[in-house]
Amino acid sequence: MFMEERQKDIVKKLNENGRVLVSELQEHYGISADCARRDLRMLEGKGLLQRTHGGAIALSERGCFPMETYSPEDFSEERPDYRAVAAEAVKQIREGEVIYLTASQVGYDMAKLLPDSLSVTVLTNSISVAEALRRKPAVGLIFLGGGMNHRGNCHDWYTVNMVKNIHMDKAFFSHTAFDLSFGASLHDSSGVEFARAVMENSSVNIGVYPSSKIGRRAVHSVCRPESYDLLITDNGICEDFTAQAAEMGIRIEIARLPEDE
C-alpha cells in the first residue's frame, strides 16, 4: 500500500471510530511506530486530525462549547500531557512570589503539584484550584470572587476590578486554544476581559498549553502569541510549530511525555 493510500485509510478509520492508536496502526499496516507517527503528523498538518499521546482523535467541531457544569474534578483519568506541562510550569515558580493560576485543568494540576513547603501567594478565580490549594500551609491563597458560573469560576465585573488592584510576579494561563496566527482564544467571551486584566498586572505572563490545544482556535481572541513571555507545551507538538514560533521570537519550554508504547 502506498503512503497516500494508507493515510486516506487512516482518516477513514478515524472518522468511523473517533480515535486511532499508534500501536494499532503498526499492527494493521505492518509499519514502524516512527512511520505511524509520521503519518499522523502529516495528517494533522493537513487539518484532518488531532494528535494525542499515543495516537490521534477526530477533530471536534470548532466553536463547540464544553459542558456548562464542567470542572477539573470531572476527569476520572489522569491526562499525561496536561500533567507534564503543569509539572514543567511549576518549575517556574520561586519562593515568595505572587502568582495567578488559570481556571482550567492545567491550573488545577499545577495546584496539586505545587510543593507543600513552597511559600508563595496564589491568586485564582477557580473554586476547584482554590480547593486544591486550601490545605497547603505555606500557600497564601487569594480567591478572586464575584459572580460564579456553574463551572465554579468567577470573571465578572467584580472579579476584574479586584485583580486590577493586585500586582503579580507571574501569571499562568491555559485557555481553550492556542494558534500562532490567532493567539490564545476562548469560547466564552466573558473571560476575555478578566484574562487581559490579569496580564496587564503581571510582570511575567506564561502560556501553558498541552499540544492537544495547539494549532486550534476558539471563538474569542484573548491575546497575541507574542504577549506571552514563555510558552510551555509538550513534545507531542508538531516540529513545524516550534520552528515557526522560534522565527516569531517566542520562547518555548518543552515538557517530556513518557515514551509511546
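Predicted model: local features only at pLDDT ≥ 70, side-chain atom pairs only at ≥ 80, totals over all residues.
1. Now place the partners along the chain. Phe-173 sits in strand S7 (residues 168-173), while Tyr-228 sits in the loop between strand S11 (220-223) and strand S12 (230-234), so the pair ties together parts that are 55 residues apart in sequence.

2. Look wider. The whole structure holds eight aromatic pairs. Ring pairs join Phe-173 and Tyr-228 into a cluster with Tyr-100, Phe-178, Phe-194, Tyr-209 and Phe-241.

3. Arg-79 lies over the face of Tyr-82. The distance to the ring centre is 4.0 Å.

4. Next, helix H1. It covers residues 3-17, which is 15 residues. From first C-alpha to last, H1 reaches 21 Å, close to the 21 Å expected at 1.5 Å a residue. Buried residues in H1 are Arg-6, Gln-7, Asp-9, Ile-10, Val-11 and Leu-14. Just after the helix comes Gly-18, with a positive phi of about 90 degrees.

5. The largest cavity has a volume of about 40 Å³. Its lining consists of Tyr-70, Ser-71, Pro-72, Ala-103, Ser-104, Ser-126, Arg-151 and Asn-153. By type, the lining residues of the largest cavity are three nonpolar, four polar and one charged.

Definitions and conventions
Residues numbered from 1 in each chain as written. Heavy atoms only, no water. 1 Å grid on protein atoms, 1.4 Å probe; cavity = no way out; pocket = protein on both sides within 12 Å on 5 of 7 lines; lining within 4 Å. Points joined across faces, edges and corners; volume = space filled by probe spheres on them. Nonpolar A, V, L, I, M, F, W, Y, C, P; charged D, E, K, R; others polar. Helix = DSSP H or I, 4+ residues; strand = E, 2+ residues; numbered from the N terminus. Expected span 1.5 Å × (residues − 1). Buried < 20%, exposed > 50% of the residue type's maximum accessible area, 1.4 Å probe, protein only. Phe/Tyr/Trp six-rings, centres within 6.5 Å; stacked < 30°, edge-to-face > 60°. Lys NZ or Arg CZ within 6 Å of the ring centre and 35° of its normal.
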